[in-house]
Amino acid sequence: MTTPAHYDLILSRCRELFLAKTHDYGTAWRILRLPSVTDQLFIKANRIRTIQEVGTQKIADGVDEEFVAIINYCLIALMQLRLPATAPLDLPPDEVAAAYAHENALNRELLLAKNHDYGEAWRQMRVSSITDLILMKLHRIKQLENLGGAALVSESVEGGYRDMLNYAVFALILRENAA
């Protein structure tokens, strides 16, 4: 399967889960400030690393589910970045679906551009290395958040979320191909 087709398949699964949770919980995620979303991402990525290092887990959700959560939390962060401070906490489901689709489309474009330039080098990587890259991006984002966005030469927080989303997609593709 080509990377764009695989990306679309994975993101359609993520979107289905996200919209089902939106049905059940509404937009409770709107209460989260961006540093809280970053910390939630850290919890997910750190759990993946722990499972990779220990080799066992005691909670039912597996590594794949955690990578899906990373994708959806990155999309939450990207949607939160775009929403004005005056936006209500409760958003209509169709507005949420449209925002999710918009951020996904922007991310897909970035993935294809980077794959062109990097030649899909990620296909030669280990999933554990991708996990480490996600954790590194999280540490960078946390540092940028602590600086209040006053970075001198760094990529934006938005760029970090987009990269982590794509890394999580890559990890899921590699895991599916290995299965």
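A pocket is an open set of points, on a 1 Å grid over the protein atoms alone, with protein on both sides within 12 Å along at least five of seven lines; lining residues have an atom within 4 Å of a point. The model is predicted, and totals for linings use all residues, whereas local features need pLDDT of at least 70 and side-chain atom pairs count only at pLDDT 80 or more. Residues are numbered from 1 along each chain as its sequence is written, and side-chain values use heavy atoms, with hydrogens and water left out.

View 1. The volume of the largest pocket is about 520 Å³, a volume being the space filled by probe spheres (1.4 Å probe) set on grid points joined across faces, edges and corners. Its lining comprises 21 residues, and K21, A69, N72, Y73 and I76 lie nearest the centre.

**View 2. Helices and residue classes around the largest pocket.** Two or more lining residues come from each of α1 (3-25), α2 (34-54) and α3 (63-82); helices are DSSP runs (H or I, at least four residues) numbered from the N terminus. With eight residues, α3 gives the most. The lining has ten nonpolar, five polar and six charged residues, where Ala, Val, Leu, Ile, Met, Phe, Trp, Tyr, Cys and Pro count as nonpolar, Asp, Glu, Lys and Arg as charged, and the others, Gly among them, as polar.

**View 3. The second largest pocket.** This pocket has a volume of about 280 Å³. Its lining residues include W122, M125, D163 and F170. At least two lining residues each are supplied by α4 (93-118), α5 (127-146) and α6 (157-178), and the largest share, four residues, comes from α6. By class, seven are nonpolar, two polar and three charged.
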